[in-house]
Structure formats: C-alpha cells, structure tokens
Amino acid sequence: MGIGPGSSEHLSKRACDVLENVESVAGYTTYIDLIRHLIKGKKIISSSMTKEVDRAEAAIAEALSGKTCAIVSSGDSGIYAMAGLVLELCVSRHIQIMAKSTARNISVDSVALEKTSIKRDCLEIEIVPGIPAFCSGASLLGAPLTHDFASISLSDLLTPWEVIEKRIDSAAFADFVIVLFNPKSKKRSFQLEKAQKTILKHRQKNTPVGIVTSAMREEQNIRITTLENLHLADVTMLTTVFIGNSSTFCYDGFMITPRGYSKKYDI
Ligand code: SAH
C-alpha cells in the first residue's frame with residue numbers, strides 16, 4: 001500500500017482502514033515512523049532502504065503463515081515501489097495470487113499469455129494506491145504537470161545509467177515536462193548534473209525548475225529556480241525535481257505549464 005507523501009491528511013481512507021485491520025506491517029523504517037501512531041500494537045517488519053527484497057520476502061512469508069500483512073511504500077506503491085517487487089516474487093516462487101474480494105475484477109486476453117505453474121501456495125493481494133510524489137510536489141509548486149510529462153528515476157542501482165540518460169535525452173527532445181525521482185543520495189551525486197546538461201541541449205537556460213523536498217512532511221521545502229542553476233540547488237534523496245517544458249512559466253511563485261486554452265479561447 002501507498003501511504004502518500006507523509007502527512008496523515010494525505011493518507012487515503014482505504015489505506016487507513018487497511019492499516020487499522022492488518023496484523024502486521026512491513027516497510028522501510030522512515031515510512032514506518034510516518035505511520036507509527038496508526039499501527040500501535042501491530043507486529044512491525046522494518047529494515048533499511050536497500051533491503052527491499054528481504055522485506056518483501058519476510059512480508060510474503062508472514063502472509064503465507066496466515067497473517068494479514070501490509071507492505072508500505074511512500075507515495076504510490078506501484079511507482080518505483082514495492083507492489084511490482086512483491087508480484088515478481090510471487091511469480092518466481094510460483095505462488096498463486098488472487099485479487100482480494102471485489103477489489104479487482106479483470107479479464108485477461110488469451111494473447112496476454114500468463115506464466116502458469118504447478119501446485120502452488122496461494123495469496124490474496126490488494127494493492128492500495130497512494131498520492132505519488134509527482135502529484136504532491138506538483139500541487140505545492142502550482143500546476144507544472146498540466147501537459148504531457150515524463151517521470152524518470154535517476155537511480156542507476158537497478159537501471160544502467162546509459163538507459164536513464166537516453167530516456168532523459170528523448171523526453172527533453174520531445175518537450176515533455178520532466179519529473180526526476182531519486183535525484184541524489186549520499187552515494188550517488190553525479191547524475192543530477194549530467195541530467196541537467198543533457199536537458200540543456202534541448203531547453204532554454206531559464207526554463208523554470210521546481211524543487212520539492214519532503215512534501216507534506218515537517219521538513220517540507222519548496223524552491224523554484226532555473227535549469228541553468230539547478231546544480232546549485234539543495235537536493236537530497238527526499239527531493240523530487242520538476243523541469244518545465246518550453247511553455248512552462250512562473251507567476252507569483254506558482255509554476256504553471258499551460259495546456260493551450262489561451263490559444264483556443266479568449267481567457
Ligand atoms: N513510491 C513513491 C516513489 C518512491 S522513489 C511515490 O509514488 O512517490 C523515492 C523518491 O520519491 C525520492 O527520492 C523522491 O524523489 C520521491 N519522494 C518520495 N516522497 C517524497 C516527498 N514527500 N517529497 C518529495 N519527494 C518525494
């Protein structure tokens with residue numbers, strides 16, 4: 001499940017209900033801390049950032065033992081987060097998965113061949129959506145995503161840097177607004193400046209750039225700068241970076257990407 005950006009106000013009603021009803025909760029320590037007041041008395045399976053596979057395995061084992069277990073991610077659980085990993089692990093372990101009750105009713109075309117298997121353990125799964133950082137961050141900046149946008153993670157732990165750079169270059173060439181996730185970490189610092197240089201090949205130096213750190217958390221910090229000065233900005237692993245397209249502009253501290261109304265209507 002996704003817990004949204006961090007504050008209880010931005011946690012969905014469904015997420016609250018699920019947290020109230022599960023027997024155990026698995027997650028990265030920082031996310032567990034954000035919801036600790038909601039999960040008093042529950043068994044907690046927490047671990048550090050790079051231990052996602054261990055955490056997912058432990059949660060699956062917990063569920064297979066008959067307990068209800070929520071695996072929490074920040075933002076949305078399907079965006080650079082745990083939902084995909086959990087499903088992949090179920091596939092590789094030949095675990096049969098079923099959508100929880102009526103939460104999902106889907107028909108699969110016969111052409112979309114599914115991996116089949118022998119006698120299997122069985123799990124009921126519900127994926128609870130949450131507000132992703134590109135929505136929470138965008139709302140704090142104004143309306144930077146009103147037109148087409150591309151979301152790119154700068155983490156090259158699981159994706160080769162050449163692939164990431166190609167995607168940045170293509171998105172910049174095609175004039176997408178670009179949202180950069182995982183822009184920096186303690187061990188990873190060169191990627192943001194490289195991304196800046198690649199985007200500058202296609203975009204003006206004064207293109208507005210929104211930088212949102214710890215959206216909807218106590219340490220929240222919002223800043224608008226230009227593409228030319230992006231490398232000077234304070235960016236951490238809790239930051240999401242929004243790079244405007246060729247029409248994005250700023251007005252009274254709001255970052256706005258027009259959809260095109262003013263060309264068609266007299267607004
Ligand atoms: N599942 C998450 C993304 C996880 S990847 C989501 O849907 O938002 C981790 C990255 O998300 C961070 O490096 C940062 O770029 C972004 N992020 C997560 N929470 C954030 C927050 N509260 N404020 C700003 N960026 C955030």
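Valine 179 has its place in strand β8, where helices (H or I, at least four residues) and strands (E, at least two) are DSSP runs, numbered from the N terminus. The model is a predicted one, in which local features need pLDDT of at least 70 and side-chain atom pairs count only at pLDDT 80 or more, while totals for chains, interfaces and linings use all residues. Residues are numbered from 1 along each chain as its sequence is written, and side-chain values use heavy atoms, with hydrogens and water left out.

Because its relative accessibility is 0%, valine 179 counts as buried; buried means under 20% relative accessible area, exposed over 50%, and partly exposed in between, with a 1.4 Å probe and protein chains only.

What are the strands with which β8 pairs? Two strands pair if DSSP finds at least two bridges between them. Strand β7, residues 149-153, is a parallel partner of β8 over 5 bridges, and within this pairing serine 153 stands opposite phenylalanine 181.

Serine 153, found in strand β7, counts as buried because its relative accessibility is 15%. The side chain of serine 153 reaches the backbone nitrogen of serine 155 at 3.2 Å, a polar contact in the sense of a pair of N or O atoms within 3.5 Å, where within protein one must be able to donate a hydrogen and the other to accept it, and residues adjacent in sequence count only if both atoms are side-chain atoms. Serine 155 has its place in the loop between β7 and α6 and, at 16% relative accessibility, also counts as buried. The side chain of serine 155 in turn reaches the backbone nitrogen of leucine 157 at 3.4 Å.

Valine 179 and phenylalanine 134 are 45 residues apart in sequence, yet their C-alpha atoms are 6.9 Å apart in space. The model has 6 aromatic pairs, counted for rings of Phe, Tyr and Trp (its six-membered ring) whose centres lie within 6.5 Å, with planes under 30 degrees apart taken as stacked, over 60 as edge-to-face and the rest as tilted. In one of these, the ring centres of phenylalanine 134 and phenylalanine 181 are 6.0 Å apart and the planes stand at 90°, so the pair is edge-to-face. This pair links distant parts of the chain, with phenylalanine 134 in helix α5 (residues 133-141) and phenylalanine 181 in strand β8, 47 residues apart. Phenylalanine 134 is buried at 14% relative accessibility, and phenylalanine 181 is buried with a relative accessible area of 10%. Ring pairs link Tyr80, Phe134, Phe149 and Phe181 into a cluster. In α5 the buried residues include Phe134, Ser136, Gly137, Ala138 and Leu141, and just after this helix glycine 142 takes a positive phi of about 135°.

The ligand is surrounded by 20 residues, of which Ile79, Ala133, Met237, Thr239 and Thr240 are the closest; a residue counts here if one of its heavy atoms lies within 4 Å. A backbone N or O atom of alanine 215 lies 2.8 Å from a nitrogen atom of the ligand, and a polar backbone atom of methionine 237 is 2.6 Å from an oxygen atom of the ligand. An N or O atom in the side chain of threonine 240 is 2.7 Å from a nitrogen atom of the ligand.

The structure holds 0 disulfides, a disulfide being a pair of cysteine sulfur atoms within 2.5 Å. Cysteine 90 is in no disulfide, and its nearest cysteine sulfur, that of cysteine 122, is 9.8 Å away. Cysteine 90 is buried, with a relative accessible area of 0%, whereas cysteine 122 counts as partly exposed at 38% relative accessibility.
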